[in-house]
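These are my notebook entries on one structure, kept in the order in which I looked things up.

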Amino acid sequence: MGLQEEFEEYAEKAKTLPDTTTNENKLILYGLYKQATVGDVNTGRPGIFNLKDKAKWDAWKAVEGKSKEEAMNDYITKVKQLLEEAGASTS
């Protein structure tokens, strides 16, 4: 399986993460996903009162400069880690 296919598979698996997944981890995944699919941040930072979008933008900005492949690999690793943690907590 190629990296793109594995990335898409884990993007689907990420949708099954439990509600207990922290916002911090969700933001890490968001930033890596955007970096892998879009590349470096290409929009202005949202305004001060738009906290949710600003946090998402900051998470994306934090991984700026990573290659598409590096972002995909980091995303896959993070989803695997979160799924393992979720599995461990339900056992």
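Predicted model: local features only at pLDDT ≥ 70, side-chain atom pairs only at ≥ 80, totals over all residues.

Residues are numbered from 1 along each chain as its sequence is written, and side-chain values use heavy atoms, with hydrogens and water left out. Buried residues make up 30% of the 91 residues in the protein, where buried means under 20% relative accessible area, exposed means over 50%, and partly exposed lies in between (1.4 Å probe, protein chains only).

**Overall build.** I find four helices and zero strands in the protein, so that helices (H or I, at least four residues) and strands (E, at least two) are here DSSP runs numbered from the N terminus. Read along the sequence, the pattern is α-α-α-α. The C-alpha atoms fill a box of roughly 40 × 30 × 15 Å, taken along the principal axes. The radius of gyration is 14 Å, which agrees with the value near 12 Å that a compact globule of 91 residues would have; the radius is taken over C-alpha atoms, and the globule rule is 2.2 Å times the number of residues to the power 0.38. Of the contacts with a separation of 6 or more, 72% are between residues 24 or more positions apart, contact meaning heavy atoms within 4.5 Å.

I looked up the UniProt record, an unreviewed entry, and it lists residues 3-88 for "domain: ACB"; its positions are given in the numbering used here, feature names are shortened, and annotations may be inferred rather than shown by experiment. Over residues 3-88 the chain is 70% helix and 0% strand, with the end C-alpha atoms 26 Å apart.

**Aromatic rings.** My search of the whole structure finds three aromatic pairs; rings of Phe, Tyr and Trp (its six-membered ring) pair if their centres lie within 6.5 Å, and planes under 30 degrees apart count as stacked, over 60 as edge-to-face and the rest as tilted. The rings of Tyr33 and Tyr75 have centres 5.9 Å apart and planes at 55°, so I record this pair as tilted. It links distant parts of the chain, since Tyr33 is in helix 2 (residues 23-37) and Tyr75 is in helix 4 (residues 68-90), 42 residues apart. Tyr33 is partly exposed at a relative accessible area of 34%, whereas Tyr75 is buried at 4%.

**Charges over rings.** I then asked which charged ends sit over rings, meaning that NZ of Lys or CZ of Arg is within 6 Å of the ring centre and within 35 degrees of the ring normal. The charged end of Lys13 sits over the ring of Tyr10, 4.6 Å from its centre, and that of Lys34 sits over the ring of Trp60, 4.8 Å from its centre.

**Single residues.** Leu32 is found in helix 2 and is buried, with a relative accessible area of 5%. Leaving aside neighbours within four places in sequence, Leu32 is in contact with Val63, Lys66, Ala71, Asp74 and Tyr75; the C-alpha atoms of Leu32 and Asp74 are separated by 7.1 Å. Glu64 lies in the loop between helix 3 (51-62) and helix 4, is partly exposed at 33% relative accessibility, and touches Gln35, Asp40 and Val41, not counting residues up to four places away in sequence.
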